[in-house]
Amino acid sequence: MSEFSQYADTLHEECGVFGIYDKTGATDMVSAVYSALYALQHRGQESCGIALNVDGVLSGHRDLGLVSEVFPKRVLEELPHDAKMATGHVRYATAGQRSRSNAQPMILHHCKGAMAVCHNGNLVNAADLRHKLEMSGSIFHGTSDTEVIAYLLTQNRLLTPNIEMAVSRTMHDIQGAFSLVIMTHTKLIAARDPHGFRPLCIGELPDGSGWAFASESCALDAVGAKFLRDVRPGEIVIADHSGLRSITEHCGKAPHTLCVFEYIYFARPDSVLEGTCVHEARLQAGKFLAQEHPVEADVVIGAPDSGLDAALGYAQESGIPYGIGFIKNKYVGRTFIQGSQAQRENSVRIKLNAIPSTVAGKRVVLVDDSIVRGTTSARTIRLLREAGAKEVHYRISAPPFIHPCYFGTDIPDEKQLIATGHTVEEINKLVGSDTLGYLSVEHVRQLAIHSHCGFCDGCFTGQYPVDPPARTMDIVYDKPLSISNPSKKL
């Protein structure tokens, strides 16, 4: 578990990817990628990076921290501003330690040319693949599955006539969730796993001067690109001087199972995924909640920020007035990375404060996206009680988390999930609410009303589109081998 996730009772997605190609060279690539990463910052706050292609020469900068921390004015000015192609990445680790070596884009140099690799997702066979690569002589610098993909791409590039065929060959080897953006000296490539676990979309630059690939459409908006479409599950899309083309040999080989939590929590409300606006999906979640778990109350409020849209939907469906119940301090930063429990308790009050005039003496419906360990939920409800709330009816716009995720979501071990081993009534008592209601699995599958795809809901049901791994990278490689048993087999 990373330093970040030890103290957070919220979920985190592994990362966001971005790539841009301008055949005219008119776009300031540094400014464009910087803006895109800001738009994708919600998808990863541990590290970030930018890679640039200037006349076929790849260079870049990556480090631990937020976009504003890693790329101050001095660093931005030192980066080359005459690139025609660039990639960017924000990361939150679900596989691999929190270290600079795991930051992306990963730039590799080999006899067939350099490449920069950005990855969003999680491979279920990463540990096995890495072991095979190590046995053939590969030396790893980090512990992320992205490095496994990078080595496979390098090996397959030696066996194929071009990079896109190497990507296709690599897709035969890797299993699980991957949305990739790969930059070479002449091409920008996007690829998505056959299940389409993680989002990836295509945009066109103004005047048709080039293209951009991004985890979410909000990043396209940030650079002035027009959304064209989503990358199809299994599709490889190539942008170069000759235009935009795709390889579809991996398409249609598996059911499309987008992670449903992209709509519930991960994606920004203004993004459009698979044809459905995320804001609209969250409104629908709130309406379903009101239908499933009605209650007599005076005001509906949302837990900032991910519960606000669902709370509005609950209010619209129930007829109960919607109110602003909390003020969130957006300038606190990552204050939960504090040593003592007292410091972490104080950071909650600094980051979030209830508005007494909204909740005092009232029956309050509090809408949130999830309950993970339950500690943050209990603190939030306690804030409402202290502000004078007469009753607190807790409504969750997702089913209970009872299983881990293997495809890029930082859901803790089952033992740390409050819903594992506790009934809804027991959880209600533990978090301190008067009543508690979760959204049903049946309704969560109906959130994206304009999307024509299935969903992965294994964290709710235990039914996964791909078999879970027998061993994971964090277990095998994030822990040093015992000195007393140096010959321990992997």
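Cys 405 is buried, at a relative accessible area of 19%, where buried denotes under 20%, exposed over 50% and partly exposed the range in between, for a 1.4 Å probe and protein chains only. The model is predicted, with local features requiring pLDDT of at least 70, side-chain atom pairs counted only at pLDDT 80 or more, and totals for chains, interfaces and linings using all residues. Residues are numbered from 1 along each chain as its sequence is written, and side-chain values use heavy atoms, with hydrogens and water left out.

With a disulfide taken as a pair of cysteine sulfur atoms within 2.5 Å, the count is zero. For Cys 405, which is in no disulfide, the nearest cysteine sulfur belongs to Cys 259, 6.0 Å away. Cys 453 is also buried, with a relative accessible area of 15%.

Gln 45 occupies the loop between helix 2 (29-39) and strand 2 (47-54); helices (H or I, at least four residues) and strands (E, at least two) are DSSP runs numbered from the N terminus. The relative accessible area of Gln 45 is 14%, which makes this residue buried. A polar atom of the Gln 45 side chain lies 2.7 Å from the backbone oxygen of Gln 41.

In helix 15 (residues 424-431), the residues Ile 427, Asn 428 and Val 431 are buried. Viewed down the helix axis, the buried residues of helix 15 fall within an arc of 105° and so line one face, the arc being that of the directions from the axis to the C-beta atoms. These buried residues pack against helix 14 (375-386), strand 21 (391-396) and strand 22 (435-438), contact meaning heavy atoms within 4.5 Å. Just after helix 15, Gly 432 adopts a positive phi of about 90°.

Methods
Polar contact = N/O pair within 3.5 Å; in protein donor to acceptor, adjacent residues only side chain to side chain.
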